[in-house]
Amino acid sequence: MTTTPPAQPPAGPPKAKTPLYIALTAVAVVVIAVAGYLWLGGGEDKSDRITVAATQVPHAEILEFIKNGPGKDAGLDFDIRVFDDYSLGNRWLSEGDIDANYFQHKPYLEEQVTDFGYQLHEFPGVHIEPYAAFSDRFKTVEELPDGARISITDDGSNQARALALLETKGLVTLPADGPVNVKTVSNPRNLQFIEAAPDLQAKAVPDVDLAILNGNYFLDAGYTLKDALIVESTDNNPYANFLASREDDHSNPSIVKLDELLHSPATKEFIEQRWPGGDVYPAF
């Protein structure tokens, strides 16, 4: 006969289950903590880190030099956002997408302030990129025919600069007063001006008789001043490029430190060694 063993009494009171909402809350806390840790770079304090927008050549190169050299020694780190459309630099800065930019000269900034009402602060000039004119068809300015097709920027401050460059060779005469543009200059050679955005000028060189380029764009396209038919003088040149910030942020210690490093002897030496032909010329 088989005897059924008696039922064992319970070992103790039943264990209470953790309420679902408490478990989910705990998971959420862990996720938030991990995300915050990663956002801070694994515990690194990035509260003073700034973002600077710059065109690739030479501005971003100069910033990279500082970031990886003098900036490290000074305890300064920053992010670099490279762009090539001039119209974005001050818009990003004004809207707070970046903390500073490094690409422009004073006449361009003044034109932007007038057009868009930006409240921006300019620091002292760092370098000059001489404006220059290039041609794949002619070796000298004297070879240019009457009616030559000239590619020229469509932004006001740089168009006036380009026309002043042509005046140095007697190709046009600037008005005595008032605005300077392709419609107001005296044009005895009947030059045909083709207006286009600054970043398109290098692409126009093969298709026109002469194209006038900003330094950052001709350097980026592989040209140097040795290739140019006309080169702007650096004497009393008002087109030095500088660091800019929002007016209400110009005392930001990181931005002030970056500007100091941009004007350091080490940066000047870097510019002179990197561009020995004067394609980028220190303004300090």
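This predicted model holds 11 aromatic pairs. In general, a pair of aromatic rings is described by the distance of the centres and the angle of the planes. Let us consider two of the pairs with those two values in mind.

In the pair formed by Phe-65 and Phe-270, the ring centres lie 4.4 Å apart and the planes meet at 5 degrees. Planes under 30 degrees apart count as stacked, so this pair is stacked. Where in the chain do Phe-65 and Phe-270 lie? Phe-65 belongs to helix α2, residues 56-68, and Phe-270 to helix α10, residues 265-274. Phe-65 itself is partly exposed, with a relative accessible area of 24%.

The second pair is Phe-83 with Trp-92. Here the centres are 5.5 Å apart and the planes stand at 65 degrees, so the pair is edge-to-face. Are these two residues buried or exposed? Buried means under 20% relative accessible area. Phe-83, at 5% relative accessibility, counts as buried, and Trp-92, with a relative accessible area of 14%, is buried too. Both residues also take part in a cluster: ring pairs link Phe-83, Tyr-86, Trp-92, Phe-103, Tyr-108 and Tyr-217.

Two members of that cluster, Tyr-86 and Trp-92, lie in helix α4, which covers residues 86-95. The buried residues of α4 are Tyr-86, Leu-88, Gly-89, Asn-90, Trp-92 and Leu-93. As a general point, an α-helix has 3.6 residues a turn, so residues three or four places apart point the same way. After α4 comes Gly-96, which has a positive phi, near 85 degrees.

The charged end of Lys-67 sits over the ring of Phe-78, 5.5 Å from the ring centre.

Which order do the strands follow? The sheet is open, has 5 strands in the order β7-β6-β8-β5-β9, and its pairing is mixed. β7 and β9, the latter at residues 230-231, stand at the edges with a single partner strand each, so one side of each has no neighbour in the sheet.

Let us look at strand β6, residues 149-153. 4 of its 5 residues are buried, so β6 is largely enclosed by the rest of the structure. With β7, residues 192-196, strand β6 pairs in the parallel sense over 5 bridges. Ile-150 stands opposite Phe-193 in β7, and the bridge partner of Ile-152 in β7 is Glu-195. Strand β6 also runs parallel to β8, residues 210-213, joined to it by 2 bridges. There, Ser-151 stands opposite Ala-211.

Helix α6 lies across β5, β6, β7, β8 and β9, and runs at about 140 degrees to β6.

Notes. Residues numbered from 1 in each chain as written. Predicted model: local features only at pLDDT ≥ 70, side-chain atom pairs only at ≥ 80, totals over all residues. Heavy atoms only, no water. Buried < 20%, exposed > 50% of the residue type's maximum accessible area, 1.4 Å probe, protein only. Pairing = 2+ DSSP bridges. Phe/Tyr/Trp six-rings, centres within 6.5 Å; stacked < 30°, edge-to-face > 60°. Lys NZ or Arg CZ within 6 Å of the ring centre and 35° of its normal. Contact = heavy atoms within 4.5 Å. Axes fitted to C-alpha atoms, helices over the stretch in contact; angles between N-to-C directions.
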